Amino acid sequence: MMTESEVLDLLQKVGAFSTGHFVLTSGRHADSYLNKDALYPYTHDTSHLCKAMAERFADKDIDVVVGPAIGAAIISQWVAYHLTDMRGEEVYGAYADKDGQGGFILRRGYDQIVKGKRILIVEDLTTTGGSIKKVVETARGAGGNVVGAIVIVNRGGVTKAQVGSPKEFQSLVNLHLESWEESECELCKKGIPVNIDIGHGRDFMARNKA
Ligand SMILES: [Zn+2]
């Protein structure tokens with residue numbers, strides 16, 4: 001089992017998690033920054049995290065792992081790979097495509113793979129639970145029995161109900177991201193410099209100089 005701090009260390013090492021003083025896309029200032037896409041080029045680290053996810057559901061007789069494209073399609077592959085090793089029988093990896101209307105759809109014959117099976121939904125990061133909930137509902141709509149859902153990082157205190165109430169909802173890390181409106185930022189008040197390499201700090205600095 002990986003501990004929360006081991007997971008955060010790994011995410012920090014690959015540049016997917018940083019602490020400091022950042023400007024977010026929304027314009028809010030924050031004390032930490034997540035860039036989940038920085039993880040995927042590191043295949044061994046991705047595999048390592050996915051193995052930790054698989055371990056949490058190793059005894060749940062999962063048949064199919066499903067994630068929302070694009071990032072979680074990679075996670076789905078690795079989690080299914082490790083569950084296959086743990087179970088000694090084939091666990092399938094599949095993914096849901098964006099349907100172009102804000103939802104998800106099982107295409108490519110994956111709806112048939114999900115039908116009547118025990119499903120684990122996976123995702124890299126959740127802030128509101130919205131995407132996971134849609135994939136949970138999509139899998140149920142295809143006749144799947146959603147046994148659980150798991151994310152690498154839950155940064156919004158997202159609850160089981162918010163992801164559509166699968167039997168179990170887990171995360172490798174629960175992260176509380178502290179953020180403020182620009183005018184209220186505690187880090188600005190303390191005179192801590194904004195990070196200009198990650199997020200929107202560079203634009204913020206340029207605007208403040210002008
Ligand atoms: Zn600030």
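This is a predicted model: local features need pLDDT of at least 70, side-chain atom pairs count only at pLDDT 80 or more; totals for chains, interfaces and linings use all residues.
Mentor: Ala, Val, Leu, Ile, Met, Phe, Trp, Tyr, Cys and Pro count as nonpolar, while Asp, Glu, Lys and Arg count as charged.

Trainee: What makes the lining of the largest cavity seven nonpolar, no polar and two charged residues?

Mentor: Read the names. Leu11, Ala16, Leu34, Leu39, Leu125, Ile152 and Val153 are among the lining residues, and Leu, Ala, Ile and Val count as nonpolar. Lys36 and Asp124 also line the cavity, and Lys and Asp count as charged. The tally is therefore seven nonpolar, no polar and two charged.

Trainee: Why is this space called a cavity rather than a pocket?

Mentor: A cavity is a set of points where a 1.4 Å probe fits but cannot get out, whereas a pocket is an open set. The structure holds one such cavity of 30 Å³ or more.

Trainee: Now the metal. Why is the site of the zinc ion called tetrahedral?

Mentor: Four donors count as tetrahedral if all angles lie between 85 and 135 degrees. Here the angles among the four donor atoms are 102 to 115°. The site is therefore tetrahedral.

Trainee: What makes His21, His29, Cys185 and Cys188 donors of the zinc ion?

Mentor: The cut-off is 2.8 Å from the metal, for N, O and S atoms. His21 (NE2), His29 (ND1), Cys185 (SG) and Cys188 (SG) lie 2.0 to 2.4 Å from the zinc ion. They therefore qualify. Their spacing along the chain is H-x7-H-x155-C-x2-C. His21 lies in strand E1 (residues 17-23) and Cys185 in the loop between strand E9 (179-180) and helix H6 (186-189), so the pair ties together parts that are 164 residues apart in sequence.

Trainee: Why is Arg108 called exposed, but Asp61 partly exposed?

Mentor: Exposed means over 50% relative accessible area, and buried means under 20%. Arg108 has 53%, so Arg108 is exposed. Asp61 has 42%, so Asp61 is partly exposed.

Key
Residues are numbered from 1 along each chain as its sequence is written. Side-chain values use heavy atoms; hydrogens and water are left out. Donors are N, O and S atoms within 2.8 Å of the metal (3.2 Å for Na, K and Ca); water is not among the atoms, so sites may look incomplete. Four donors count as tetrahedral if all angles lie between 85 and 135 degrees; four count as square planar and six as octahedral if opposite donors are over 155 degrees apart and all others between 65 and 115; anything else is irregular. Helices (H or I, at least four residues) and strands (E, at least two) are DSSP runs, numbered from the N terminus. On a 1 Å grid over the protein atoms alone, a cavity is a set of points where a 1.4 Å probe fits but cannot get out, and a pocket is an open set with protein on both sides within 12 Å along at least five of seven lines; lining residues have an atom within 4 Å of a point. Grid points are joined across faces, edges and corners, and a volume is the space filled by probe spheres set on the points. Buried means under 20% relative accessible area, exposed over 50%, partly exposed in between (1.4 Å probe, protein chains only).
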